[in-house]
Amino acid sequence: MEKYRVKAEEKIKLKNYDPDDTSLIPDGKPAGLAKMAELTQKLDKLQEVLFAEHKHKILIILQARDAAGKDGTIRSVFSGINPQGVHIESFKVPSEIESDHDYLWRIHQQVPGKGEMVVFNRSHYEDVLVVRVHNFVTKDVWKNRYDQIKNFEKMLTEEGATILKFYLNISRDEQKKRLQDRIDDPAKNWKFNPGDLKERALWDEYSSAYEDAFNETSTNLAPWYIIPADHNWYRNFCVASILVKTLEDLDMKYPAPTADLSKIIID
Ligand code: ATP
Ligand code: MG
């Protein structure tokens, strides 16, 4: 999975990342689904130790263009775990009170505490993406935000958080297919948002904004992963693999019993 990680010192171009890539599972979708089933079981166990140990804080950030599958990724990756074990937080257009504060105000309130796993469906990165592309603030304002975000995330990791940032990298063609499908399939009509076409028209502007965000804010402690997202099964597999590996590397332990259990007799 290292090939999808944006290294701290690197300056990447999105065009060098193939959204159609499935190279880590050469046997294709059935093999990918089988591996995914193993990963979801592992994740279930890891989440339990995470909670029991009450030490680490896991923050997973999902960013993507429309129809790249943030919702589908969440549904698939977390399908096997205790519903109490993960909290999903979706960040929409800021409310009036949120807009009255700095852009990290609403974010900081939702970061995970000890033993918690939180998924951000969109995040503070919107404030250097949509906000930049639509000129909601001036350039000197959004330019300062890269350092602010890096420092904010640095503070979170120094305080015990583990941060993973995923960009679900869908191609322009695949997005077209998926948006068309939302028009053609009556069961998907509700998902169609005409506003998504306006964002699609700004494809290149978003590409530049994403590239700058990755290059400015991918650090060793809070890395970005650019996940091929044209195939749902592969996208889910990659996100689950990286998450499971990261949790395994934390070497979490169940806490020691609080009493000498060998002396306890239950009548
Ligand atoms: P779906 O797949 O359901 O469409 P979504 O994440 O696109 O999911 P929407 O309610 O359609 O959800 O869109 C949320 C919108 O809020 C996005 O267009 C996003 O760019 C916007 N948004 C999020 N954060 C900010 C922000 N800080 N400033 C401006 N717009 C924001
Ligand atoms: Mg949307």
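Ala67 sits in the loop that joins strand 2 to helix 2. Helices (H or I, at least four residues) and strands (E, at least two) are DSSP runs, numbered from the N terminus. Ala67 has a positive phi, near 70°, although it is not a glycine. Its relative accessible area is 11%, so Ala67 is buried. Buried means under 20% relative accessible area, exposed over 50%, and partly exposed in between, with a 1.4 Å probe and protein chains only.

This is a predicted model: local features need pLDDT of at least 70, side-chain atom pairs count only at pLDDT 80 or more, and totals for chains, interfaces and linings use all residues. Residues are numbered from 1 along each chain as its sequence is written, chains are lettered from A and ligands numbered from 1 in the order in which they are written, and side-chain values use heavy atoms, without hydrogens and water.

## Gln175, a partner of Ala67

Gln175 belongs to helix 7. With a relative accessible area of 2%, Gln175 is buried. Residues up to four places away in sequence aside, Gln175 touches Arg65, Asp66, Ala67, Ile170, Arg200 and Trp203. Contact here means heavy atoms within 4.5 Å.

## The largest pocket

The largest pocket holds about 1,300 Å³ of space. The search runs on a 1 Å grid over the protein atoms alone. A cavity is a set of points where a 1.4 Å probe fits but cannot get out; a pocket is an open set with protein on both sides within 12 Å along at least five of seven lines. Lining residues have an atom within 4 Å of a point. Points are joined across faces, edges and corners, and a volume is the space filled by probe spheres set on the points.

The lining has 42 residues, and Asp66, Ala67, Lys70, Arg122 and Asp196 lie nearest the centre. By class, 19 are charged, 15 nonpolar and eight polar. Nonpolar covers Ala, Val, Leu, Ile, Met, Phe, Trp, Tyr, Cys and Pro; charged covers Asp, Glu, Lys and Arg; the others, Gly among them, are polar. Helices 2 (70-77), 5 (130-133), 7 (172-184), 8 (195-201), 9 (203-217) and 10 (232-249) each give at least two residues to this lining.

Arg122 lies in the loop between strand 4 (117-121) and helix 5. Its phi is also positive, near 70°, in a residue other than glycine.

Helix 2 is largely enclosed by the rest of the structure, because six of its eight residues are buried. These are Lys70, Gly72, Thr73, Ile74, Ser76 and Val77. Their cover includes helix 1 (29-53), strand 2, strand 3 (87-90), strand 4, strand 5 and helix 10.

Val86 lies in the loop between helix 2 and strand 3. At a relative accessible area of 17%, Val86 is buried. It touches Phe78, Ile81, Met117 and Val119, not counting residues up to four places away in sequence. Its C-alpha atom is 19 Å from that of Asp251, 165 residues apart along the chain.

## Helix 6

Helix 6 runs over residues 139-158. Its 20 residues should span 28 Å at 1.5 Å a residue, and the end C-alpha atoms are 29 Å apart, which agrees. The expected span is 1.5 Å times one less than the number of residues. A kink of about 30° is centred on Tyr146. The bend at a residue is the angle between axes fitted to the seven residues ending there and the seven starting there.

Trp142, Arg145, Tyr146, Ile149, Phe152, Glu153, Leu156 and Thr157 are the buried residues of helix 6. Strand 2 (57-64), helix 4 (105-108), helix 5, strand 5 (161-169) and helix 9 are among the elements that cover them. Lys139, also in helix 6, is exposed at 51% relative accessible area. Just after the helix, Gly160 takes a positive phi of about 105°.

Which residues does Thr246 contact, leaving aside its neighbours within four places in sequence? They are Thr162 and Leu164. Thr246 is in helix 10 and is buried, with a relative accessible area of 18%.

Thr162 is in strand 5 and counts as buried at 16% relative accessibility. With neighbours within four places left aside, Thr162 contacts Lys57, Ile58, Leu59, Thr246 and Leu250. The C-alpha atoms of Thr162 and Thr219 are separated by 12 Å, at 57 residues apart along the chain.
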